[in-house]
Amino acid sequence: MATWRIGSTVLRKVVEAEFPLPVTGALRTADSGLLDAYPWLAPHFAGPDGVFTMSFHSVLVDTGTRRILVDTCIGNDRTTIPQLPPLHTGWLDTLRELGHPPESIDTVVCTHLHFDHVGWNTRLVDGAWVPTFPNARYLVPRAEWEFWRTAPASVGSTELSDTLVPLIDADLVDFVEPGHEVAFGVRLEGAPGHTPGQVAVVVESEGERAVVTGDLVHHPVQFAAPEIASAADEDPALATETRKAFVERYADTGTLVIGTHFPAPTAGWLTRKSEDGSEAGALRFVVDRG
């Protein structure tokens, strides 16, 4: 599993699953050759015939005093997801093998409430959904909860009765706003559009910075072409503005960008400079070969 160090804070990628997807299915484009127009995407983010790999993973942020899990993937035994049969992965065992048993996690950040970001919030035990991380506070953007708890079933693909409601019943949820400080050096940054209350997670330590994107992008091409929406963007126009603002905020700043759905190498830097360091103008995502 990939590991990144931001100052004294350690971030680890915890993979649940990876699936091949056509760019025309994941993004709102009919151009199957879109990825070929950006040579810097190869070989990690572009395959033959416009197919790429989408990763489903969490990011564990260990500050030394806090263990914060960003998003919890799809989860096992879910029967409420029409796109997928119930999964039976070893994600929780992987977390343990990395030295982070469920009891050690003190905070879970839900960047938003789509099914593939909240699945391991709970797990099925003797026919009941119970908190996977019993010692954690689960942080949920308030605008997300307000939207999805009243959204008609035809909107999006989110099922909260087994992933969030049991946590609310157990008094483990804190509804928070953009700007919320999760811990010293870890804060939430508003990233609406994909969903109304989505947040990204900013990690800063000893003068270094990383951002975990959430689903403000599903593929790095959206940094260069922010007007290309993700298939699941609730508000494509707002999502486009969020991507543009993200690029303006972080390009050429040395900020490590960790894509929530990017396969390995997953992280990199946004730059408008050419490989020789000159100002080129066209944005690229330069991967961390670490």
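Predicted model: local features only at pLDDT ≥ 70, side-chain atom pairs only at ≥ 80, totals over all residues.
**Exercise 1.** Identify which residues Ser205 touches, not counting residues up to four places away in sequence, and which backbone atoms lie 3.4 Å and 3.0 Å from a polar atom of its side chain.

*Solution.* Step 1: with that exclusion, Ser205 touches Ile6, Gly7, Ser8 and Thr9. Step 2: a polar atom of the Ser205 side chain lies 3.4 Å from the backbone oxygen of Ile6. Step 3: a polar atom of that side chain also lies 3.0 Å from the backbone nitrogen of Ser8.

**Exercise 2.** Describe the largest pocket: its space, its central residues and the division of its lining.

*Solution.* Step 1: the largest pocket holds about 510 Å³ of space. Step 2: 23 residues line it, and Gln83, Phe115, Asp116, His218 and Ala232 are the closest to its centre. Step 3: strand E2 (9–22), helix H1 (23–26), strand E3 (51–62) and helix H3 (115–118) each give two or more residues to the lining. Step 4: the lining comprises 10 nonpolar, 9 polar and 4 charged residues.

**Exercise 3.** State which residues have the most contacts inside the largest nonpolar core.

*Solution.* Step 1: this core has 35 residues, and Phe223, Phe246, Leu270 and Phe285 have the most contacts inside it. Step 2: among the elements supplying at least two of its residues are E12 and helix H7 (236–250).

Methods: Residues numbered from 1 in each chain as written. Heavy atoms only, no water. Polar contact = N/O pair within 3.5 Å; in protein donor to acceptor, adjacent residues only side chain to side chain. Contact = heavy atoms within 4.5 Å. 1 Å grid on protein atoms, 1.4 Å probe; cavity = no way out; pocket = protein on both sides within 12 Å on 5 of 7 lines; lining within 4 Å. Points joined across faces, edges and corners; volume = space filled by probe spheres on them. Helix = DSSP H or I, 4+ residues; strand = E, 2+ residues; numbered from the N terminus. Nonpolar A, V, L, I, M, F, W, Y, C, P; charged D, E, K, R; others polar. Core = buried A, V, L, I, M, F, W, Y, C linked by side-chain atoms within 4.5 Å. Buried < 20%, exposed > 50% of the residue type's maximum accessible area, 1.4 Å probe, protein only.
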